[in-house]
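Visitor: I would like to learn how to read a few features in a structure file. Could we take them one at a time?

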Amino acid sequence: MSLKQHKGKQKGVALFMTLLVVTIATLLATEIWFNNTIDISRQSNNRSAYQANHYANGMALWARDVLRIDYEETQAFDNRGEVWNQPIAGIQLEDAVLSGRLRAMDSKFNLNNLVINGAIDAPSLAYFERILKNLEMDLSLADKIIDWMDSDQLPMPQGAEDITYLSRSPSYRTAGQNFVHISELKLIDGVNEEIFQRLKSYVTVLPINSENPTKININLASSLLLKSLDDRISSKDALILYRDGNASNLTLDDFFRQDTIQYYNLDTEPLRKLISTQSRWYQAQVTVKMDNAVFQKYALIYRPGALSVIKQWSETSYH
Ligand SMILES: [Ca+2]
């Protein structure tokens, strides 16, 4: 990047920050008036939590706006060089300081892809098994995760159904549905804290909206996830594809055409169902500092088009 370009980019960021503060102030102004009128009878300790919630909602509105602008400008592709990936910190309001950051959630393998509408998705299972193999983890984890989600009580060859968990203290049952939060993974037989932490860097849980698995954005995927796309991809190939986290394939055609992998003929319909150059799922992390209290909130955002939707809120990170 030339110096001129670099300066131009800095200017862009500064302008963006200014716009952001104005946007949040405007979004909040109308609501603050409304809330103040109903707020008078509230106790003050409830009030800061309430106010923090209110600011978190404001930040989430802003996040959706950032994602809308990105979609309008570069909807075909997303990577780490884009504006949405820049954290913002220290937005000073009268009684609070706000910080936030957006992260794309489709940089990892979605465990919910393994069971779609009650049936095992074979290409997703094969992919997950390659991930486990490259992590040198027990392959039986795949069966156990499937048993956790499927609705029957018939264990997979190396799986675990209710009977495994009912003998524990306290006892519990399998979920019989898709994962709602990544922390559920800790409940699965064979997953200790160390395995959980390691696996969490490569897997996530996202809702399934259709018949199809959610797709991994190959511009954001780690080299291990890229290597796991096919057994023939070497660790060295995968590092080249990863480009230190700055991969910027505009289309899947661009991805498949790269020298490193073009002779493998990876461009197949089943693989195209698992990967993309776009991100549809994001987490907005919001930190609200008020007096001596710090509030953390996480919104899970789905962006199917210019208009994105907040699907869930959590006090713990989805990432
Ligand atoms: Ca984009």
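Visitor: Is tyrosine 282 buried or exposed?

Guide: Some ground rules come before the reply: this is a predicted model, in which local features need pLDDT of at least 70, side-chain atom pairs count only at pLDDT 80 or more, and totals for chains, interfaces and linings use all residues. Residues are numbered from 1 along each chain as its sequence is written, and side-chain values use heavy atoms, with hydrogens and water left out. Buried means under 20% relative accessible area, exposed over 50%, and partly exposed in between, using a 1.4 Å probe and protein chains only. Tyrosine 282 has a relative accessible area of 0% and is buried.

Visitor: How is a pair of aromatic rings described?

Guide: By the distance of the centres and the angle of the planes. Rings of Phe, Tyr and Trp (its six-membered ring) pair if their centres lie within 6.5 Å; planes under 30 degrees apart count as stacked, over 60 as edge-to-face and the rest as tilted. The count by this rule is eight aromatic pairs. In one of them, the ring centres of tryptophan 84 and tyrosine 282 are 5.2 Å apart with planes at 80 degrees, so the pair is edge-to-face. Tryptophan 84 sits in the loop between helix H2 (44-74) and strand S1 (88-92), and tyrosine 282 in strand S9 (residues 281-290), so the pair ties together parts 198 residues apart in sequence. Helices (H or I, at least four residues) and strands (E, at least two) are DSSP runs, numbered from the N terminus. Tryptophan 84 is also buried, at a relative accessible area of 3%. Elsewhere, one aromatic cluster is formed by Phe109, Tyr127 and Phe128.

Visitor: How many salt bridges does the structure hold?

Guide: Side chains of opposite charge can pair when their charged atoms come close. The rule used is a side-chain nitrogen of Lys or Arg within 4 Å of a carboxyl oxygen of Asp or Glu, and the structure holds 14 salt bridges. One of them joins arginine 68 and glutamate 72 at 3.1 Å, N to O. These two are four residues apart in helix H2, about one helical turn. Arginine 68 is partly exposed, at 28%, while glutamate 72 is exposed, at 52%. Asp65, Arg68 and Glu72 are linked in a network of salt bridges.

Visitor: Where in the chain are lysine 144 and aspartate 189?

Guide: Lysine 144 forms a salt bridge with aspartate 189, with the closest N and O atoms 3.3 Å apart. The pair links distant parts of the chain, 45 residues apart: lysine 144 in helix H4 (residues 140-149) and aspartate 189 in the loop between helix H5 (162-166) and helix H6 (193-200). Lysine 144 is buried, at 13% relative accessibility. Aspartate 189 also meets arginine 168 in a salt bridge of 2.6 Å, N to O.
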